Amino acid sequence: MKILLDCRFKKGAGPNVTASYLLDYLIKLNTEHEFVILQHPGQPLPEYPGIEKVLVPVNNNFLEFLWVQVYLPVLFKKLGIDIYHSLKHLGPMFTNVPTIQYIREVGHFFPEGLKAFKLDWANRIYSGPIKVWALKRATRVIGLAQETKTVLTQKFGIPENKIMVNNNGLDPKFRVIDDPEVIKNCKRRYNLPEKYILCVSNLYPHKNYDTVVRVFAKLLDKKNENYNLVFVGNKHYAKTDFFDLIKDLGIENNIIFTNYVEHDDLVYVYHGAALLLYPPMLGSFGNPPLEAMACGIPVIVSNRGALPEVTGGAALVLNNPKDVEEMLEAVCRVLDDEQLRQELRQKGFRRVKDFSWEASALRVINLYKTIGSEKICHSLT
């Protein structure tokens with residue numbers, strides 16, 4: 001079968017990195033299908049030998065949406081596409097070609113999610129009724145967690161047998177590194193201190209980092225040790241009042257913003273951390289907790305979204321991620337209790353064995369076979 005892989009994503013952010021991993025493994029493991037990649041011009045994707053690429057001819061979001069809805073189905077016929085598979089974005093809603101739609105998280109389907117994301121009216125329509133309509137019309141939906149499936153079935157009535165839960169994988173590069181010199185060199189490149197608490201993700205307001213800095217300020221008052229707080233991710237997504245809060249708390253000298261870190265370096269950044277703090281108010285799949293656990297780093301997460309499901313008892317879970325005292329207590333427990341750190345470390349090693357990009361890609365390839373068989377049966381009736 002000829003399958004169009006919709007790879008319209010950029011370098012840097014978490015969902016784009018995970019989509020790139022899945023793409024690599026799909027191409028690596030595929031033995032029977034012909035792939036065509038849809039991407040933006042100049043997008044930093046590798047050149048895959050023998051795989052055709054189609055470029056989106058517009059760079060305006062609204063025009064791109066129209067192009068996908070109106071012209072892409074025409075292109076399906078010209079290219080002889082048998083299946084359309086979205087690795088991130090919304091695909092065409094009106095086509096006879098079987099479609100696989102992707103959904104990463106479901107927080108924006110709820111009022112608190114809309115408030116947290118601060119979406120404008122256009123994005124509210126796109127992320128709400130348009131996306132729901134597309135999911136209902138899709139041949140199959142791929143969600144990253146059981147929580148996604150539960151919401152789609154209970155809130156929107158999408159049949160369970162139409163939704164495949166396919167967890168993200170974990171790249172083998174995230175592992176215990178025994179070479180302290182390599183870790184030191186990486187910390188030097190990013191100007192990282194000796195001891196630090198780590199947060200990994202772009203600094204969107206819903207990531208709850210205002211609570212994190214309040215907790216960190218109290219931690220500095222409570223402990224004599226000179227801890228630092230390191231944020232890995234694009235700080236330009238943060239609001240001005242976040243930086244004002246840091247100044248008001250007087251902790252500017254103890255906070256480091258690395259912005260984007262090369263993904264190959266991230267494993268070493270994890271190794272320098274005392275713990276990973278990942279407490280968003282809206283939780284999607286959450287790869288950083290898995291990456292940190294694979295490196296032997298204790299993890300604290302919020303109880304939101306799929307995070308308790310993903311970490312599977314291998315992390316401390318905050319019942320109220322906005323509660324400064326609860327988060328402070330969890331951080332102090334991890335920093336002070338060596339037995340707890342070792343317990344979380346061992347649980348983390350066991351948990352990450354359940355996540356593999358190879359297994360994730362093979363589940364998708366098997367889904368192609370299922371859709372192909374259904375297509376043949378439908379044509380015979």
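This is a predicted model: local features need pLDDT of at least 70, side-chain atom pairs count only at pLDDT 80 or more; totals for chains, interfaces and linings use all residues.

Now extend the selection to the two strands. Strand β8 (residues 196-200) and strand β11 (residues 273-278) run parallel and are joined by 3 bridges.

Next, bring in the rest of the sheet. Reading across, the order is β10-β9-β8-β11-β12-β13, an open sheet of 6 strands with parallel pairing. Go to the edges, where you will find β10 (255-259) and β13 (316-318); each has a single partner strand, so one side of each is left without a neighbour in the sheet. If you look along the sheet, the twist averages 20 degrees from one strand to the next.

From here, select residues 324-336, which make up helix α13. Its 13 residues reach 18 Å from first C-alpha to last, close to the 18 Å expected at 1.5 Å a residue. Zoom in on the start of α13, where a side-chain oxygen of Asp323 comes to within 3.0 Å of the backbone nitrogen of Glu325.

Which residues of α13 are buried? Show side chains for Val324, Met327, Leu328, Ala330, Val331, Cys332, Val334 and Leu335. These buried residues pack against strands β8, β11, β12 (299-302) and β13, and against helices α8 (209-222) and α14 (338-352).

Last stop: helix α10, residues 263-271, is mostly covered, with 8 of its 9 residues buried. Among them are His263, Asp265, Tyr268, Tyr270 and His271.

Methods. Residues are numbered from 1 along each chain as its sequence is written. Side-chain values use heavy atoms; hydrogens and water are left out. Two strands pair if DSSP finds at least two bridges between them. Helices (H or I, at least four residues) and strands (E, at least two) are DSSP runs, numbered from the N terminus. Axes are lines fitted to C-alpha atoms, for helices over the stretch in contact, and angles run from 0 to 180 degrees between N-to-C directions. The expected span of a helix is 1.5 Å times one less than its number of residues. Buried means under 20% relative accessible area, exposed over 50%, partly exposed in between (1.4 Å probe, protein chains only). Contact means heavy atoms within 4.5 Å. A polar contact is a pair of N or O atoms within 3.5 Å; within protein, one must be able to donate a hydrogen and the other to accept it, and residues adjacent in sequence count only if both atoms are side-chain atoms.
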